[in-house]
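I opened this notebook to record what I looked up, going from the whole chain to single residues.

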Amino acid sequence: MALFYGTYLNKVDRKGRVSVPAAFRAVLDKRSAAGIVLRPSHKAPALDIYTVEYFESLNSRLGEMDVFSDEQDELALALFGDARELMFDSEGRIMLPRDLMDKIGIDANAAFIGRGESFQVWEPATAEAHKRAAIERARAKGVTLPKSSAAGPA
């Protein structure tokens, strides 16, 4: 499966248009993605971007929760309340919603950070500080991945 990885810095024009990195567009093409969905991150001052298909799978998993429970209601609102489906223009750009850009501080530049199944858009200085802190926390905690019998060479 094609994954989103790497960090890319792209300019944002006055209208909020920004080019999605070519490497990320290639992943979307390999996945035959029907489109992308943007939403404010659940945990960080960033925008999460998912394929429509992956976002639909989140909805399926939400359906496994107790219907009308407070948890299901709150999570549904958190997931879908500010989500936006985005279209690419002919130059591979998307238009970031101004209200969400303002919320996370994106102005002239945006940092795109791959996260495997998805990617995020950040204000560049905040992105670098967050990455450094996350790496340090993982090192300090000794976080590792479990061995997998399907894993390839190290």
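**Basis.** I am working with a predicted model, in which local features need pLDDT of at least 70 and side-chain atom pairs count only at pLDDT 80 or more, while totals for chains, interfaces and linings use all residues. Residues are numbered from 1 along each chain as its sequence is written, and side-chain values use heavy atoms, with hydrogens and water left out.

**Whole chain.** I looked up the secondary structure and found five helices and eight strands, taken as DSSP runs numbered from the N terminus (helices H or I, at least four residues; strands E, at least two). Along the sequence they follow the order β-β-α-β-β-α-α-β-β-α-β-β-α. The C-alpha trace spans about 45 × 45 × 30 Å along its principal axes. Of the contacts with a separation of 6 or more, 58% are between residues 24 or more positions apart, a contact being heavy atoms within 4.5 Å.

**Salt bridges.** Side chains of opposite charge can pair when their charged atoms come close. I found nine salt bridges in the structure, each being a side-chain nitrogen of Lys or Arg within 4 Å of a carboxyl oxygen of Asp or Glu. Which residue does Arg39 pair with? Its partner is Asp48, with the closest N and O atoms 3.6 Å apart, and both Arg39 and Asp48 are buried.

Glu91 and Arg93 form another bridge, at 3.9 Å from N to O; here Glu91 is exposed at 53% relative accessible area, whereas Arg93 counts as buried at 18%.

For Glu128 and Lys131 I noted a bridge with the closest N and O atoms 3.2 Å apart. The two residues lie three apart in helix α5 (residues 124-141), so about one helical turn separates them. Glu128 is partly exposed at 34% relative accessible area, and Lys131 is also partly exposed, at 27%. I also recorded that salt bridges with shared partners join Asp89, Glu91 and Arg93 into one network.

**Negative patch.** Asp66, Asp70, Glu71, Asp73 and Glu74 form a negative surface patch. By the rule for patches, members have over 30% relative accessible area and no salt bridge, with like charges joined within 9 Å and nonpolar side chains (Val, Leu, Ile, Met, Phe, Trp, Tyr) within 5 Å. Glu74 sits in helix α3 (residues 70-80) and is exposed, with a relative accessible area of 54%.

**Positive phi in loops.** Where is Ser32 found? Ser32 lies in the loop between α1 (22-30) and β3 (36-40), and its phi is near 50°, a positive value in a residue other than glycine. Ser32 is exposed at 59% relative accessible area. Phe68, in the loop between α2 (52-62) and α3, likewise has a positive phi, near 70°, and counts as exposed at 78% relative accessibility.

Methods: Buried < 20%, exposed > 50% of the residue type's maximum accessible area, 1.4 Å probe, protein only. Areas by Shrake-Rupley, 256 points an atom, 1.4 Å probe, with all protein chains shown as cover. Lys, Arg positive; Asp, Glu negative; His and termini not counted. Charge placed at Lys NZ, Arg CZ, Asp CG, Glu CD.
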